[in-house]
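Hi everyone, thanks for coming.

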Amino acid sequence: MKDAVKFLLDEQHLPRFWYNINADLPKPLDPVLHPGTQQPITPDELEVIFPRAVIEQEMSTEREIEIPEPVREVLRQWRPAPLYRARRLEQALKTPAKIFYKYEGVSPSGSHKANTAIAQAFYNKAEGVKRITTETGAGQWGSSLALAGSMFGLEILVYMVKVSFNQKPYRRAFMETFGAECIASPSNTTESGRAILAEHPDSTGSLGIAISEAVELAAQRDDTKYALGSVLNHVLLHQTVIGLEAQKQMEMADVYPDMVIGCTGGGSNFAGIAFPFLGEQLRGGRKVQCIAVEPSACPTLTKGRFAYDFGDTAHLTPLCRMYTLGSTFVPPGFHAGGLRYHGMAPQVSHLAALGYIDPRSYNQLDCFAAGIQFAKAEGIIPAPEANHAVKAAIHEAEKCRETGEAKTILFNLSGHGNFDMQAYTDYLGGKLKDLVYAEDEVAMALAGLPSIG
């Protein structure tokens, strides 16, 4: 396979177990705290919004957790996903680096989010849940959960961040095609939404606000639970199918990555590609540089504070220790809506604080330029979120061109941009600008962090 471009695994190689990095952490995660008592939260307290099986996964320290066969049956529709050697991009960059990308845009919803949506829908259905509420930024998660809800006969209600709701009408149409209801957030359908609109009538929304609305409704009905598309341990767990497959495919290519790259908003696609490789390192295996890439307009890992904070704006969720810009911070309305979150996954934050993850940020225009450069070479138009990983991969490959090092670069192309063409139209028309977050707003949000004894 010396000149191979794509590395494909048969369905029999679809992972049978998810990988749980909690088993290999050199130092355990800080406990999740109840928002009222500030004491470590119990499984019973979490059952208000999550099914029991998901809660058990959230708190598990077992290295391998079996993937239920009904979940694997659905995942086989598109998994194992292909790994590509970006030979044409390497040639265009004139780099000695070897560039590989794991392509998650082959899922029916066009991104990696379906990997956890199918699992969460299965567990909710198994416990008799009738309705799931959730939030979505750019719409990849909402689309994936709508798809999963249709497959398992669940009612899905999605609060979509208003700026993305207006930017991406086809994502809304996708959700509604599969029977989901999609509401622009903040909305008048919840107390938390009405409170935001009373103070900020023109609010463009944020993932923190949308989470508040979804959690509020989930807590009101016994037949309803809440599902999250990133951040929490069980979500990152479900995404490790990406890296587990990639490990086998890199063996097929007879190489091992020097660096693994993923974009980061809440942390799920980055963890999906990086955690299996990082876990191998933590168990004494080969070292790998794990690069987490975020937008400079929402620089959670690079400019945030490692502290306990709420996952939502209305402070309805448990407290997690994570890198955060403050739960009341509303990021500017850049096009990578899936990366507009004030916090970072506790597991990713924990590993970054321990020095195992290399965070960096890029601005919007540079990321779109990189995405177009990639598309012209490889024939795939990346989602605006994935463009951040593309930008980092190109940057590292260019460094190799200067140094002469033939490093092996692996990145996660977390989704395609076929629903994001208005963003590309705006970029090509010179309408996009590099948006800057308001430092005074971040300072205010951080000043309001909860005081934990």
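So, which residue does UniProt list for "modified residue: N6-(pyridoxal phosphate)lysine"? The unreviewed UniProt entry gives Lys-113. Keep in mind that what you're looking at is a predicted model.

Okay, let's find that lysine. Lys-113 sits in the loop that runs between strand 5 (98-103) and helix 5 (114-126). Is Lys-113 buried or exposed? Its relative accessible area is 13%, and buried means under 20%, so Lys-113 counts as buried. Leaving out residues up to four places away in sequence, Lys-113 touches several others, including Gln-140, Trp-141, Ser-230 and Ser-268.

Now for the rings. How many aromatic pairs does the structure hold? There are 15 aromatic pairs. One of them joins Phe-50 and Tyr-226, a tilted pair with 6.0 Å centre to centre and 45° between the planes.

Next, look at Phe-174 and Phe-178. Their ring centres are 5.1 Å apart and their planes meet at 40°, so this pair is tilted. Phe-174 is buried, at 13% relative accessible area, whereas Phe-178, at 30%, counts as partly exposed.

Two last stops. Ring pairs connect Tyr-84, Tyr-101, Phe-374 and Phe-411 into a cluster. And Arg-340 lies over the face of Phe-334, 6.0 Å from the ring centre.

Key:
Residues numbered from 1 in each chain as written. Predicted model: local features only at pLDDT ≥ 70, side-chain atom pairs only at ≥ 80, totals over all residues. Heavy atoms only, no water. UniProt positions renumbered as here; feature names shortened; annotations may be inferred. Helix = DSSP H or I, 4+ residues; strand = E, 2+ residues; numbered from the N terminus. Buried < 20%, exposed > 50% of the residue type's maximum accessible area, 1.4 Å probe, protein only. Contact = heavy atoms within 4.5 Å. Phe/Tyr/Trp six-rings, centres within 6.5 Å; stacked < 30°, edge-to-face > 60°. Lys NZ or Arg CZ within 6 Å of the ring centre and 35° of its normal.
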